[in-house]
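The entries follow the order in which I looked.

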Amino acid sequence: MIEKEEFMKAIPKICVPIIEKTLDGIVKQACSINETCCDVVEWRVDYYEGVFQTEEVLDSLSVLKDVLEKPILFTFRTKEEGGEKAISKEEYRQLLFKVIESQLVDLIDVEVYFDEELLQQIIASAHQRGVLVIGSNHEFAKTPNKEEIISRIEYMKEMGVDIPKIAVMPQDKKDVLELITASVEIREKEKDLPFITMSMSNLGMISRYACEFDGSVMTFASYGKQSAPGQIPLEQLKRIIDEIHKVS
């Protein structure tokens, strides 16, 4: 299991998503990812064709755990926040609780505005089993102002998530700077809080490089297919982050 403190050490982590629809595709990509420089692998299970068959998900997760040599972040991204499929509250509850109970994952993504009561239950269950919780929020319509971004991160912290995450959509360059400025202010205030922020699309691409500069502890890269707009190929992102790290 990866420890929360690990995200506050040295250079920011790079996470690569697996978005294959079949188990064969998942295993093939996982074996390839093992040879790369990424630090965490996100299984975007909302892409998986058997996602609503919980036992099938658990069986596939067990196979993935056996072949993958890196920490696993388990994510069902809902349709409302940019994912592939819609899901009911009960389906979401059952899926996340079963995955946590399996102890086959190191981190689990929970959308903080999906249902507050369910969020608290999932956090409690995850912490009982040593699974880290990334509390996430994706804003595809706009970039909230700096104060709102900071407020959302603080809310996630108050709810007890281990790593708050917010991704926003910029309309212009000022929006990208708004996100980066908010991140800097969060880091100045919260010295020991691991958090993740990013500005999406090609316009916001610079925010994925700026993670060490602005305090974000992890960034997402593509390895093959993109799971979100603006993701940068892994090797390119790693090279630039390493260069920034040398002069920081």
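Entry 1, helix α6. I began with the side of α6 that faces outward, where Lys173, Lys174, Leu177, Glu188 and Lys189 are exposed; I note here that I am working from a predicted model. I then listed the buried residues of α6 and found Asp175, Val176, Leu179, Ile180, Ala182, Ser183, Ile186 and Arg187. Looking for what they pack against, I found α5 (146-159), β6 (163-168), β7 (196-199), α7 (206-209) and α8 (211-214).

I checked the span of the helix, residues 173-189: at 1.5 Å a residue, its 17 residues should span 24 Å, and the end C-alpha atoms are 25 Å apart, which agrees. At the start of α6, I found a side-chain oxygen of Asp172 within 3.1 Å of the backbone nitrogen of Lys174.

Setting aside neighbours within four places in sequence, I found Ser183 in contact with Phe195, Thr197 and Asp214.

Entry 4, helix α1. I repeated the search on α1 (residues 23-33), where Gly25, Ile26, Gln29, Ala30 and Ile33 are buried. They cover an arc of only 130 degrees around the axis, which puts them on the same side of α1. An α-helix has 3.6 residues a turn, so residues three or four places apart point the same way. The buried residues of α1 pack against β1 (13-18), β2 (40-44) and α2 (54-67), whereas the face turned away from them carries the exposed residues Asp24 and Lys28.

Which members of the largest nonpolar core, with its 51 residues, touch the most other members? I found these to be Trp43, Val45, Leu64, Phe74, Leu95 and Ile108. Helix α3 (residues 89-102) supplies the largest share of this core, six residues. I also noted a second, separate core of 17 residues, which includes Val40, Leu107, Met198 and Met200. Returning to Ile108, and leaving aside its neighbours within four places in sequence, I listed its contacts as Leu73, Phe74, Leu96, Val99, Ile100, Val131, Leu132, Val133 and Ile134.

How values were computed. Residues are numbered from 1 along each chain as its sequence is written. This is a predicted model: local features need pLDDT of at least 70, side-chain atom pairs count only at pLDDT 80 or more; totals for chains, interfaces and linings use all residues. Side-chain values use heavy atoms; hydrogens and water are left out. Buried means under 20% relative accessible area, exposed over 50%, partly exposed in between (1.4 Å probe, protein chains only). Helices (H or I, at least four residues) and strands (E, at least two) are DSSP runs, numbered from the N terminus. The arc is that of the directions from the helix axis to the C-beta atoms. Contact means heavy atoms within 4.5 Å. A nonpolar core is a set of buried Ala, Val, Leu, Ile, Met, Phe, Trp, Tyr and Cys residues joined through side-chain atoms within 4.5 Å. The expected span of a helix is 1.5 Å times one less than its number of residues. A polar contact is a pair of N or O atoms within 3.5 Å; within protein, one must be able to donate a hydrogen and the other to accept it, and residues adjacent in sequence count only if both atoms are side-chain atoms.
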